[in-house]
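The sequence and structure are shown first, and the contacts across the interface are then described.

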Amino acid sequence: MNHLATDRVLETPALDVAGIRAQFPILERQVHGRPLIYFDNAATSQTPLCVIDTFRDYYSRYNANIHRGLHTLADEATAAYEATRETVRAFLNAADRREIVFTRGTTEAINLVANSWGRANLQPGDEVLVSLLEHHSNIVPWQLLADQLGIVVKVIPVDERGVLDLDAYRALFNERTRLVAVNHVSNAFGTINPVRELATIAHGHGARILIDGAQATPHQTVDVRDIDADFYAFSGHKVYGPTGAGVLYGKAELLEAMPPWQGGGEMIKSVSFDVPTTFADIPHKFEAGTPAIAEVIALGVALDWVSDVGLARIGTWEAELLARATAGVSRIDGLRLLGTAPDKAGVLSFVVDGAHSQDIALLIDQLGVAIRTGNHCAQPLLARFGVDATCRASFAVYNTPEEVDAFVAALERVIGMVR
Ligand SMILES: *Cc1c(COP(=O)(O)O)cnc(C)c1O
């Protein structure tokens with residue numbers, strides 16, 4: 001063990017993985033008569049009991065629509081919903097809770113920026129830079145704007161390891177560059193991008209930066225002020241929370257200047273057919289209609305849970321799992337890892353000579369192991385590496401070294417069967 005690792009262990013006491021696992025009822029499940037090994041965490045993470053219980057509590061005790069009620073239940077629901085805004089503010093170290101907009105998830109958050117900020121600020125010929133590492137949800141909204149507004153989408157390339165080419169990034173800027181849209185951590189390869197540096201470079205050229213944090217928030221602390229992100233998006237269901245609730249962080253001065261995207265209840269000050277309708281202040285201007293109240297409250301519970309476990313501890317644990325898995329699969333003949341960035345989150349993407357990724361995933365499921373196969377919503381990236389699918393194992397805090405070893409053994413067995 002090197003010096004750094006020793007120091008880190010001393011700072012962060014060992015993770016109680018048994019105690020953590022006991023909080024996830026789904027991990028007791030059997031799949032095809034075997035104990036579930038859940039390695040599809042980059043698609044969605046499992047939820048601890050405290051998050052699950054939040055739904056029962058909400059619907060049993062204080063289910064009510066928020067903000068407009070003058071009765072006890074509505075007050076309680078509003079208080080819990082708005083308390084989550086403060087939880088998220090602290091989680092991202094944002095300056096002001098008005099900078100936290102609740103959305104359905106990362107996809108909706110990015111579409112909000114594209115359709116509100118984008119339509120208000122982009123002219124035909126303006127340029128948006130996206131990276132080759134992006135999830136489709138940070139590509140397609142900009143392509144739609146390209147079709148509709150005549151903006152130009154340019155792509156930041158990656159090297160053989162799946163690391164962003166920073167020289168090429170710098171060279172892409174010109175006087176028409178308005179926005180950089182990049183992920184913090186790649187879901188397909190696990191590459192951790194130097195978002196602070198990317199932001200500094202973007203700002204140096206007068207461009208804004210939107211960061212897709214869907215894969216970063218579960219694995220490392222995020223400080224939007226330290227990064228100097230203009231926008232930052234993430235999804236609850238990838239950070240031990242429920243589906244249906246996510247977050248858009250935006251700097252207050254940007255959100256204030258942006259027009260509403262969706263219109264409806266909750267987002268107005270006054271509505272009239274005679275004088276112009278006026279809109280609520282941020283963040284409510286961007287939260288039209290009844291939101292996913294229970295989901296948002298449960299997201300707050302999930303973020304508190306993550307903070308209690310400690311993101312530093314989670315990151316160290318997952319790095320150990322990744323190292324063990326990488327070493328294990330590297331011994332398998334004909335297996336090729338995609339995404340070998342030195343700075344990487346707990347994602348293992350690979351293809352195997354003479355074996356279809358889909359066959360591997362289906363057969364390994366028979367052994368109780370859940371991994372994902374396909375294009376991981378990152379078709380352009382996979383095309384760059386000459387494949388249309390990979391197998392992907394991705395780790396979370398409740399996974400164990402024993403599961404990693406069982407996965408490697410199962411993988412060897414399955415490959416032996418299909419070759
Ligand atoms: C999952 C994911 C998304 C999309 O998130 P949704 O919850 O489906 O909206 C976007 N970007 C990355 C990097 C992701 O991993």
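## Polar contacts and salt bridge

In this predicted model, 21 residue pairs, both members at pLDDT 80 or more, are in polar contact across the interface of domain 1 and domain 2. A polar contact is a pair of N or O atoms within 3.5 Å; within protein, one must be able to donate a hydrogen and the other to accept it, and residues adjacent in sequence count only if both atoms are side-chain atoms.

The rule finds one salt bridge across the interface of domain 1 and domain 2 (a side-chain nitrogen of Lys or Arg within 4 Å of a carboxyl oxygen of Asp or Glu). Glu160 and Arg384 form a salt bridge, with 3.3 Å between their closest N and O atoms.

## Domains and buried area

Domain 1 comprises 7-44 + 310-418 and domain 2 comprises 52-308, with bounds from an automatic or database domain assignment. Their C-alpha centres are 28 Å apart. Contact (heavy atoms within 4.5 Å) involves 38 residues of domain 1 and 34 residues of domain 2.

Between them the domains bury about 2,900 Å², of which 60% is on carbon and sulfur atoms; buried area is the accessible area (1.4 Å probe) that two parts lose on being put together, summed over both. Within domain 1, the most area is lost to domain 2 by Leu311, Leu381 and Arg384, together 22% of what that side buries.

## Basis of the values

Residues are numbered from 1 along each chain as its sequence is written, and side-chain values use heavy atoms, with hydrogens and water left out. As the model is predicted, local features need pLDDT of at least 70 and side-chain atom pairs count only at pLDDT 80 or more, whereas totals for chains, interfaces and linings use all residues.
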